[in-house]
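User: I am new to this model. Please take me through it by question and answer.

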Amino acid sequence: MNRPNMDAYWMPFTANRQFKRAPRLLVSADGMYYTDADGRQVLDGAAGLWCVNAGHNRRPIVEAIQRQAGALDYAPPFQMGHPLAFEAAEQLVAMAPNGLTQAFFVNSGSEAVETALKMALAYHRVRGDAARVKLIGRERGYHGVNFGGVAVGGMAGNRKHFPVTLPMVDHLRHPLDIAKNAFSRGEPAHGAELAEELESRILTLHDPSTIAAVIVEPMQGSTGVILPPKGYLQRLRQICDKYGILLIFDEVITGFGRLGADWASNKFGVLPDLLTCAKGLTNGSVPMGAVLARSAIYQAFMDSAPEQAIEFPHGYTYSAHPLACAAAIATLGVYRDDGLFQRAAEMAPHFEMAVHALQGKPHVKDIRNLGLVAGIELEARPGEPGKRGMEVFLKCWEQGVMVRVTGDTLAVSPPLIIEAEHIDRLFAVLGQAIEQTP
Ligand SMILES: Cc1ncc(COP(=O)(O)O)c(C=O)c1O
């Protein structure tokens with residue numbers, strides 16, 4: 001295939017100069033595989049970017065989008081509606097953790113996070129508790145790239161160019177403790193006590209009555225697959241309840257089956273007050289995200305304003321876009337019809353065995369996994385953090401396997417339709433790449 005002119009496109013989160021010298025171009029996809037510009041088949045070990053949970057080119061989703069594009073291309077979402085928006089919300093809520101009864105649509109994970117943070121702040125205000133203005137995030141958290149998400153996030157590299165974000169924010173420590181938990185399978189045993197610092201450190205420094213919400217990813221995905229220690233999330237929930245603080249779970253990665261259950265909230269048995277999702281909501285096919293909220297939160301807004309007033313002045317031109325709604329309804333149908341969350345749980349033991357077989361390979365410092373996600377952390381080369389990880393990633397690509405790399409951690413999160421033979425190939429190629437990388 002002729003290489004396109006690459007000058008004009010400023011690529012996101014990409015080493016532009018390196019990429020444009022040796023591009024990795026994808027031109028089509030089906031099932032577990034991408035086809036690249038050279039016609040090579042590439043096994044998708046990353047579900048695109050943690051989003052193609054039902055596998056590529058699923059006919060019910062493709063056809064729903066095609067049909068919708070020909071029927072209603074766009075409908076304004078403010079003071080107007082279209083039937084699919086209501087149907088998509090109903091179906092999403094039917095699949096949501098019990099107790100989350102309202103869906104607010106947005107177009108990405110980042111927008112879902114901004115929306116949830118604003119909802120939390122406004123919720124306290126409409127209840128007459130306007131002093132609750134502070135937000136608590138976590139070190140090594142990733143909540144997208146907008147100002148609120150960067151402020152509560154804790155991914156050092158993503159913050160350093162943007163020293164001014166939101167005031168009134170503090171951070172919990174992250175729970176990764178390789179010294180105590182290396183090579184844990186599933187939730188690590190040690191570290192639940194780290195949740196205590198919400199009460200013992202953060203709430204001591206800040207008057208608890210000034211805190212609006214705590215936001216965490218139940219599993220920190222983008223900074224290297226960091227799982228919650230047993231009992232940790234439960235303890236966060238208890239402390240938030242004690243002080244009237246909202247708990248937000250950012251399930252942009254963990255939603256829709258990734259951890260071998262529909263939601264991390266259900267996997268860990270902890271119900272948040274607000275939940276953000278995106279990615280798997282449309283199987284990556286059309287941009288869409290959502291915030292799910294408890295009914296008491298919705299009701300507080302409804303009760304706070306006269307009937308002709310807009311209760312929550314927030315939303316996007318493309319909130320509940322007809323194509324996205326059609327894609328979401330079809331995607332949720334595929335998840336249900338194919339029993340994909342159950343399937344993820346069934347494949348998880350084989351996946352776990354295969355990833356932990358990499359223990360003992362050169363420079364492998366830790367392996368972490370749950371459901372159909374795994375992180376393989378390598379020792380950083382002295383003075384060159386991230387370089388070894390990138391080299392392993394590139395070797396996998398050369399061998400026809402696509403994974404994710406973040407620093408020196410390789411992340412594997414395949415579509416939930418993966419078969420045992422794909423798992424074996426994925427980790428065989430990854431293992432070889434690790435062995436061949438000095
Ligand atoms: C937990 C979490 N929140 C938010 C986001 C941002 O989502 P988006 O890239 O769709 O804005 C991501 C993206 O990976 C994520 O993992």
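User: How many other C-beta atoms lie within 10 Å of Met168?

Analyst: This is a predicted model, in which local features need pLDDT of at least 70 and side-chain atom pairs count only at pLDDT 80 or more, while totals for chains, interfaces and linings use all residues. Residues are numbered from 1 along each chain as its sequence is written. A residue is buried with 20 or more other C-beta atoms (placed from the backbone) within 10 Å of its own, exposed with 12 or fewer, and partly exposed in between. Met168 is partly exposed, because its count is 14.

User: What is the phi of Met168?

Analyst: Met168 sits in the loop between helix H7 (156-159) and strand S6 (169-172); helices (H or I, at least four residues) and strands (E, at least two) are DSSP runs numbered from the N terminus. Most residues other than glycine have a negative phi. Met168 is not a glycine, yet its phi is positive, at about 60 degrees.

User: Is Arg140 buried or exposed?

Analyst: Arg140 lies in the loop between strand S5 (134-138) and helix H6 (147-152). Its phi is positive, near 60 degrees, in a residue other than glycine. With 20 other C-beta atoms within 10 Å, Arg140 is buried.

User: What is the radius of gyration of the chain?

Analyst: The C-alpha trace spans about 65 × 55 × 45 Å along its principal axes, and 50% of the 438 residues count as buried. The radius is taken over C-alpha atoms, and the globule rule is 2.2 Å times the number of residues to the power 0.38. A compact globule of 438 residues would be near 22 Å, and the chain agrees, with 22 Å.

User: Which helix supplies the largest share of the side of domain 1 that touches domain 2?

Analyst: An automatic or database assignment sets the domain bounds, giving domain 1 (16-57 + 339-435) and domain 2 (62-338). Counting a contact when C-beta atoms, placed from the backbone, lie within 7 Å, 34 residues of domain 1 are in contact with 31 residues of domain 2. Elements that each supply at least two residues of this side of domain 1 include helix H2 (47-50), helix H14 (340-356) and strand S12 (373-378). The largest share, seven residues, comes from H14.

User: How far apart are the C-alpha atoms of Glu377 and Gly31?

Analyst: Glu377 is found in strand S12 and is buried, with 24 other C-beta atoms within 10 Å. Not counting residues up to four places away in sequence, Glu377 touches Gly224, Lys365, Asp366, Asp408 and Thr409. Gly31 is 346 residues from Glu377 along the chain, and their C-alpha atoms are separated by 28 Å.

Notes: Contact = placed C-beta atoms within 7 Å.
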